Amino acid sequence: MLALSRKTNESIVIGSDIEISVLEIKGDQVKIGINAPKSVPIYRKEIYLQIQESNKEVINQTIVPDELKNVF
């Protein structure tokens, strides 16, 4: 992990098309802005982990061929 120090209104750049800016710092809370192409999904980590868990559950479900006919 790379750890960087930034102040309000300072940024970091990832690759050539993602910029993360520190917008505001209040106490123990930091507000950041992310400028990235629309094709790059951006999630809070807790939401990302929920999506991964849901995907695992779907993959582990048993699909009966007759039920598959009803899907299409």
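Rings first. I pair rings of Phe, Tyr and Trp (its six-membered ring) if their centres lie within 6.5 Å; planes under 30 degrees apart count as stacked, over 60 as edge-to-face and the rest as tilted. By that rule I find one aromatic pair in the structure. Tyr43 and Tyr48 have ring centres 6.3 Å apart and planes at 35°, so I log the pair as tilted.

Before going on, a note on ground rules. This is a predicted model, where local features need pLDDT of at least 70 and side-chain atom pairs count only at pLDDT 80 or more, while totals for chains, interfaces and linings use all residues. Residues are numbered from 1 along each chain as its sequence is written, and side-chain values use heavy atoms, with hydrogens and water left out.

Next, accessibility of the two rings' residues. I call a residue buried under 20% relative accessible area, exposed over 50% and partly exposed in between (1.4 Å probe, protein chains only). Tyr43 comes out partly exposed at 46%, and Tyr48 is partly exposed at 40%.

On to the sheet. Strands are DSSP runs of E with at least two residues, numbered from the N terminus, and two strands pair if DSSP finds at least two bridges between them. I see an open sheet of three strands in the order S1-S2-S3, with antiparallel pairing. S1 (11-14) and S3 (29-35) stand at the edges with a single partner strand each, so one side of each has no neighbour in the sheet. Neighbouring strands are turned by 25° against each other on average, direction ignored; the axes here are lines fitted to C-alpha atoms, and angles run from 0 to 180 degrees between N-to-C directions. S1 and S2 pair over four bridges, in the antiparallel sense.

I then picked Val13, which sits in strand S1. Val13 stands opposite Glu19 in S2. Is Val13 buried or exposed? Val13 counts as exposed, at 59% relative accessibility. Contact means heavy atoms within 4.5 Å. Leaving aside neighbours within four places in sequence, Val13 touches Ile18 and Glu19.

Ser21 was my next stop, in strand S2 (residues 18-26). Ser21 is buried, with a relative accessible area of 17%. What does the Ser21 side chain make a polar contact with? The partner is the side chain of Ser11, at 2.7 Å. (A polar contact is a pair of N or O atoms within 3.5 Å; within protein, one must be able to donate a hydrogen and the other to accept it, and residues adjacent in sequence count only if both atoms are side-chain atoms.) Beyond four places in sequence, Ser21 is in contact with Glu10, Ser11, Lys31, Ile32 and Gly33.

Last, charges. A salt bridge is a side-chain nitrogen of Lys or Arg within 4 Å of a carboxyl oxygen of Asp or Glu. I get four salt bridges in the structure. Glu10 bridges to Arg6, closest N and O atoms 3.6 Å apart; Glu10 is partly exposed at 28%, and Arg6 is partly exposed at 39%. Lys31 and Glu24 meet at 3.5 Å, N to O. Glu46 bridges to Arg44 at 3.1 Å between the closest N and O atoms. Shared partners join Glu24, Lys26 and Lys31 into one network of salt bridges.
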